[in-house]
Amino acid sequence: MTSDALVIFTPSGKRGRFAHGTPVLTAARQLGVDLDSVCGGRGICSKCQITPGVGSFPKHGVTVSPDALSEWNAVEQRYKDKRGLIEGRRLGCQAKIMGDVVIDVPPESQLHRQVVRKAASIRAVKMDPATRLFYVEVAEPDMHEPSGDLERLARALKDQWQIDRIEAGPAVLRKIQPVLRKGNWDVTVAAFRDHHGGPTRILDVFPGLYEGALAGLAIDLGSTTIAAHLCDLRNGEVLASGGIMNPQIRFGEDLMSRVSYAMMNPGGDVEMTKAVRAAIDALALSVADEAKVPPQAIMETVVVCNPVMHHLFLGIDPVELGQAPFALATSSSLSLPARDVDLTAINPEARLYTLPCIAGHVGADAAAVALSEAPQDQDDLTLIVDVGTNAEILLGNKSRVLACSSPTGPAFEGAQISSGQRAAPGAIERIEIDPVTKEPRFRVIGCDLWSDDEGFAKATEGTGITGICGSGIIEAVAEMRMAGIVDAAGLIGSPEQTGTARCQPEGRTHSYLIHDATAQNGPRITVTQGDIRAIQLAKSALYAGARLLMDEMGADRVEKIVLAGAFGAHISAKHAMVLGMIPDCPLDKVTSAGNAAGTGARIALCNIAARAGIEAQVTRIHKVETAIEPRFQEHFVNASAMPHAVDSFPNLSGVVTLPDVSFNTGGSGEGGRRRRR
């Protein structure tokens, strides 16, 4: 009998070993993976659909063979024949584990859907979009002055709107004649003008005065999540916002894992490109439906993303980005038909614009943040941190702007954490620990009550308490530090050292118990020593990147910090400072910009001059490469302490007092072993 198979579920990152022949649904339930099912595993409800991966997954250390799951069976075939099943999908109740496998749980199969926290922030934007509507009265055809309908339309646009040159594709040419006649020679033209010049391109024509929707889509294509804002191109109003998990997570949680997947699996880049394009198409339909806007009214799309996502979205092999000198296929902005990247849900003539990339690992999303937050216009030295799986960091003021990328990894998203999960109803998002009793109280997504409030149990009956998300694990570790449960080196103390039985032995280390519902067949939620290390690695990378930019700028302090991104918008500045995620700064000077990359995409969508402006600004931003800078490693090592082994944090005094405890006695446990080495 061969050894048990390793099963890894994405996007949760939960893993475990199971005997061959174990149904996928059974494995998911035992690991606490959010996989829905209401039919008792009979293959009727189809809610347990999963997508198995095939090939090499260097990040997970496994190679998945095509026969890692049991063969397609009659129940699955019957369901597919009657109701349809997306190609590559299996039913989790029917597919059995036969070997090491990576399994993706798509959003529609999750009982507690991911909360993609990239809502549109309020921002006044001067409206001057690239795509606009023009009402014209066109001369009727005349046998004595023969000319084509397109040419007479062009003449009307020039006479009535001073538009000199136009062009139109075959799809529009097919519509012009019937639309002109239906409108009795009065039509409305949706036209796109490129800020680099050239002819104005007709995207669509409507009979008479068109008063329907004219929309654009601003997309923030992240490593973990994809957010979309549907905007009215007449006034900039956000009509609807939506978000989904990036389906590429099943190929790797971080960017380098996806590059490795492309390297190890021929055609892997094509597979990832197809997945993300299909996801964006589905997201476009979703937000259009929410806003009650016909998808055909979406005439333009602006996309911002990091360089690896940029290449994969455009269908470019990202392998060169996985090795020095991290060369981009192109760093320039792009303007092209949306259909060239298989976006078929929107208007067939819609245009796509991508912001320029700054450098090999600082992409169009960082350019969008720069467009949104404008560090080049600040008097104060401002640090802007877009916190995510890969953090983009900007530092500057009116004199100079620097940028770098820092590989924080997925821990901030709740991945690679023992009780971690993505943000979804039931996930712990806020936590406080009493410094005297060491007892925790917490809040979960979907409920405004704290766990010690009356009515909390009833209010959370529907969602349960399922795990801990990124903002929750940050607060948990920081609160443990403030309560004296964790020392400056990141070691969790024993019950005797901390004075609480919640610190429980776990192998040669200890864990801290937050919530135990095993008596009710619920989860046991803890923070382990491994979780602390994962957060230390992530926060050290973030801090080291910021310090590296400060060194380059010749600054010991920053005057203002802006936390951007879905995660950055939901973490407490105090807890971030306690951990040493960010450099020292007065807490009242630490603000949240929300989804700044998405805001930058909206600005570029609504204002054509902003595109030219950020293209020029990007050439003036100096990139600092963390991968080859020795000082990065030095800062990284010092930043592993909480908050830091060298730098002081005077602005924390008066806000919080960190206990002077040390559990590193040189005895058993991870800290002791490291000290002896």
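Helix H1 is followed by glycine 32, which has a positive phi, near 80 degrees. The model is predicted.

**Helix H1**

- H1 spans residues 24–31, and its buried residues include Val24, Leu25, Ala27 and Ala28.
- These four cover an arc of only 160 degrees around the axis, so they sit on the same side of H1.
- Arg29 and Gln30 are exposed, and they lie on the face of H1 turned away from its buried side.

**The largest pocket**

- The largest pocket holds about 1,000 Å³ of space.
- Its lining has 39 residues, and those closest to the centre are Lys14, Gly32, Val33, Thr466 and Pro523.
- Gly32, one of these, is the glycine that follows H1.
- H1 and strand S28 (524–527) each give at least two residues to this lining.
- H1 contributes the most, with three residues.
- By class, the lining of the largest pocket has twelve nonpolar, 19 polar and eight charged residues.

**The second largest pocket**

- The second largest pocket has a volume of about 650 Å³.
- It is lined by 25 residues, and Arg89, Pro247, Arg250, Ala275 and Ala278 are the closest to its centre.
- Strand S16 (238–245) and helix H6 (268–291) each supply at least two residues of the lining of this pocket.
- H6 gives the most to the lining of the second largest pocket, with six residues.
- The lining of the second largest pocket divides into 14 nonpolar, four polar and seven charged residues.

**Salt bridges**

- Side chains of opposite charge can pair when their charged atoms come close.
- The count for this model is 24 salt bridges.
- One of them joins the side chains of glutamate 552 and arginine 400, at 3.8 Å from N to O.
- Glutamate 552 is in helix H12 (residues 529–553), while arginine 400 is in the loop between strand S21 (391–396) and strand S22 (401–406), so the pair links distant parts of the chain, 152 residues apart.
- Glutamate 552 is partly exposed, at 29% relative accessible area, and arginine 400 is also partly exposed, at 33%.
- Another salt bridge is formed by the side chains of arginine 547 and aspartate 647, at 3.7 Å from N to O.
- Arginine 547 lies in helix H12 and aspartate 647 in the loop between helix H17 (630–638) and helix H18 (670–676), so this pair ties together parts that are 100 residues apart in sequence.
- Arginine 547 has a relative accessible area of 8%, and it counts as buried because that value is under 20%.
- Aspartate 584 and arginine 557 also meet through their side chains in a salt bridge, at 3.6 Å from N to O.
- This pair links distant parts of the chain, 27 residues apart: aspartate 584 is in the loop between helix H14 (573–579) and strand S30 (590–594), and arginine 557 is in the loop between H12 and strand S29 (560–564).
- Aspartate 584 is buried, at 3% relative accessibility, whereas arginine 557 is partly exposed, at 38%.
- Glu167, Arg201, Arg339 and Glu349 are joined in a network of salt bridges.

How values were computed:
Residues are numbered from 1 along each chain as its sequence is written. This is a predicted model: local features need pLDDT of at least 70, side-chain atom pairs count only at pLDDT 80 or more; totals for chains, interfaces and linings use all residues. Side-chain values use heavy atoms; hydrogens and water are left out. A salt bridge is a side-chain nitrogen of Lys or Arg within 4 Å of a carboxyl oxygen of Asp or Glu. Buried means under 20% relative accessible area, exposed over 50%, partly exposed in between (1.4 Å probe, protein chains only). The arc is that of the directions from the helix axis to the C-beta atoms. On a 1 Å grid over the protein atoms alone, a cavity is a set of points where a 1.4 Å probe fits but cannot get out, and a pocket is an open set with protein on both sides within 12 Å along at least five of seven lines; lining residues have an atom within 4 Å of a point. Grid points are joined across faces, edges and corners, and a volume is the space filled by probe spheres set on the points. Ala, Val, Leu, Ile, Met, Phe, Trp, Tyr, Cys and Pro count as nonpolar, Asp, Glu, Lys and Arg as charged, and the others, Gly among them, as polar.
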